[in-house]
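Hi,

Here is the structure I said I would pass on.

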Amino acid sequence: MFLDISQAFDRIWHPGLLFKLKHALTSNYYLLLKSYLADRNFAVRHNNTLSDHYSIEAGVPQRSVLGPLLFLIFTADIPQAGNTTASFADDVAVLSVNEDPVSATRHLQTHLNSLAEWYT
């Protein structure tokens with residue numbers, strides 16, 4: 001099963017990411033990354049009209065050096081079932097190998113259910 005997580009970098013939940021960073025990093029690095037994510041906003045320009053500014057409450061900056069690293073930290077605890085999951089950024093492959101196709105299918109479905117719960 002191949003999964004492509006739509007808008008993965010845009011959906012990273014800041015409180016969850018900060019929780020993981022706080023437990024993985026020293027206080028100085030944690031506070032630095034916390035400030036990196038805080039007080040970010042956006043506006044939309046259409047022709048010569050600029051919208052109001054809105055707060056960015058999820059996601060990591062794309063096309064930045066830290067974006068992919070923060071995404072990897074956020075997804076480091078993705079459910080594993082033996083050697084069945086491989087991921088690269090927002091692409092995930094879930095594999096199930098068994099001589100019995102019913103067992104392989106059951107194992108794959110169980111793992112997909114755990115991934116669905118984790119992603120939710």
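This is a predicted model: local features need pLDDT of at least 70, side-chain atom pairs count only at pLDDT 80 or more; totals for chains, interfaces and linings use all residues.

Let me start with helix α2, residues 27-37, whose buried residues are Tyr30, Leu33 and Leu37. Buried here is under 20% relative accessible area, exposed is over 50%, and partly exposed is in between (1.4 Å probe, protein chains only). Helices are DSSP runs of H or I with at least four residues, strands are runs of E with at least two, and both are numbered from the N terminus. As a reminder, an α-helix has 3.6 residues a turn, so residues three or four places apart point the same way. On the face turned away from the buried side you will find the exposed residues Asn28 and Leu32. The cover over the buried residues of α2 includes α1 and α3, where contact means heavy atoms within 4.5 Å. Just after α2, Asp39 has a positive phi of about 55°.

Residues are numbered from 1 along each chain as its sequence is written, and side-chain values use heavy atoms, with hydrogens and water left out.

Next, α1. Its buried residues are His14, Gly16, Leu17, Leu18 and Leu21, and they pack against α2 and α3. His14 belongs to this helix, which spans residues 14-24, and has a relative accessible area of 8%. Beyond its neighbours within four places in sequence, His14 contacts Leu37, Arg40, Ile56, Glu57, Ala58 and Gly59.

What about nonpolar cores? I take these as sets of buried Ala, Val, Leu, Ile, Met, Phe, Trp, Tyr and Cys residues joined through side-chain atoms within 4.5 Å. The largest one has 13 residues, and Ile12, Leu17, Leu21, Leu37, Val60 and Leu70 have the most contacts inside it. At least two residues of this core come from each of α1, α2 and α3. Apart from it there is another core of six residues, including Ile78, Val92, Val94 and Leu115. Back to Ile12: leaving out residues up to four places away in sequence, Ile12 touches Leu17, Ala58, Gly59, Val60, Phe71 and Phe74.

How many salt bridges does the structure hold? One, counting a side-chain nitrogen of Lys or Arg within 4 Å of a carboxyl oxygen of Asp or Glu. The side chains of Lys20 and Asp77 form it, at 2.8 Å from N to O. The pair joins distant parts of the chain, 57 residues apart: Lys20 is in α1, and Asp77 is in the loop between α3 (66-74) and β6 (85-88). Asp77 is partly exposed, at 42% relative accessible area.

Two last items. Asn113, in helix α4 (residues 101-119), is partly exposed at 45% relative accessibility. Its C-alpha lies 10.0 Å from that of Pro79, and Asn113 and Pro79 are 34 residues apart in sequence. As for Val44, this residue is in the loop between β2 (41-42) and β3 (45-46) and is partly exposed, with a relative accessible area of 47%.

Cheers
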